[in-house]
Amino acid sequence: MATFVGSQSICNINMDELVSCRPFVTKGTTVKKPVSKLCCSGMAKADWGCLCQLKKNNMLSPYNVDFSLCEKLPSLCSLTTPSQC
């Protein structure tokens with residue numbers, strides 16, 4: 001089940017970290033610069049099971065998030081890539 005804690009974090013990623021990732025996961029993005037340290041910090045502690053539930057329940061669409069781009073973030077941050085949802 002997706003976890004929203006007082007709208008301060010989603011799936012164990014705090015709002016500052018989420019906002020810093022947004023340029024890299026927005027549908028149609030052309031951002032090519034390196035992923036920020038703050039975004040990578042969020043990816044390091046992300047609850048991917050929770051994020052997968054958001055994807056399966058189509059809860060990211062209203063935010064113009066391309067989940068296939070989200071799944072690339074761990075690799076771009078030199079983290080262990082979670083299994084695909």
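**View 1. The largest nonpolar core has 21 residues, among which V35, M43, L51 and L73 touch the most other members.** A nonpolar core is a set of buried Ala, Val, Leu, Ile, Met, Phe, Trp, Tyr and Cys residues joined through side-chain atoms within 4.5 Å. Buried means under 20% relative accessible area, exposed over 50%, and partly exposed in between (1.4 Å probe, protein chains only). At least two residues of this core come from each of helix 1 (15-25), helix 2 (37-45), helix 3 (48-56) and helix 4 (67-70). Helix 3 gives the most, with 4 residues. Helices (H or I, at least four residues) and strands (E, at least two) are DSSP runs, numbered from the N terminus. The model is predicted: local features need pLDDT of at least 70, side-chain atom pairs count only at pLDDT 80 or more, and totals for chains, interfaces and linings use all residues. Residues are numbered from 1 along each chain as its sequence is written, and side-chain values use heavy atoms, with hydrogens and water left out.

**View 2. L73 touches C21, F24, V25, V35, C39 and M43.** Residues up to four places away in sequence are not counted. Contact means heavy atoms within 4.5 Å. L73 and two of these partners, V35 and M43, are among the core members that touch the most others.

**View 3. Helix 2 buries C39, C40, G42 and M43.** Seen down the helix axis, these buried residues fall within an arc of 155°, so they line one face of helix 2. The arc is that of the directions from the helix axis to the C-beta atoms. K37 and A44 are exposed on the other side of helix 2. The cover over the buried residues includes strand 3 (13-14), helix 1, helix 3 and helix 5 (73-76).

**View 4. E17 sits in helix 1.** E17 is buried, with a relative accessible area of 2%. Its contacts are L38, C39, S41, G42 and K45, leaving out residues up to four places away in sequence. Of these, C39 and G42 are also buried residues of helix 2.

**View 5. The largest pocket holds about 480 Å³ of space.** Of its 19 lining residues, I10, L18, L60, Y63 and V65 are the closest to the pocket centre. Helix 1 supplies the largest share of the lining, 6 residues. Helix 3 supplies at least two.

Technical notes
On a 1 Å grid over the protein atoms alone, a cavity is a set of points where a 1.4 Å probe fits but cannot get out, and a pocket is an open set with protein on both sides within 12 Å along at least five of seven lines; lining residues have an atom within 4 Å of a point. Grid points are joined across faces, edges and corners, and a volume is the space filled by probe spheres set on the points.
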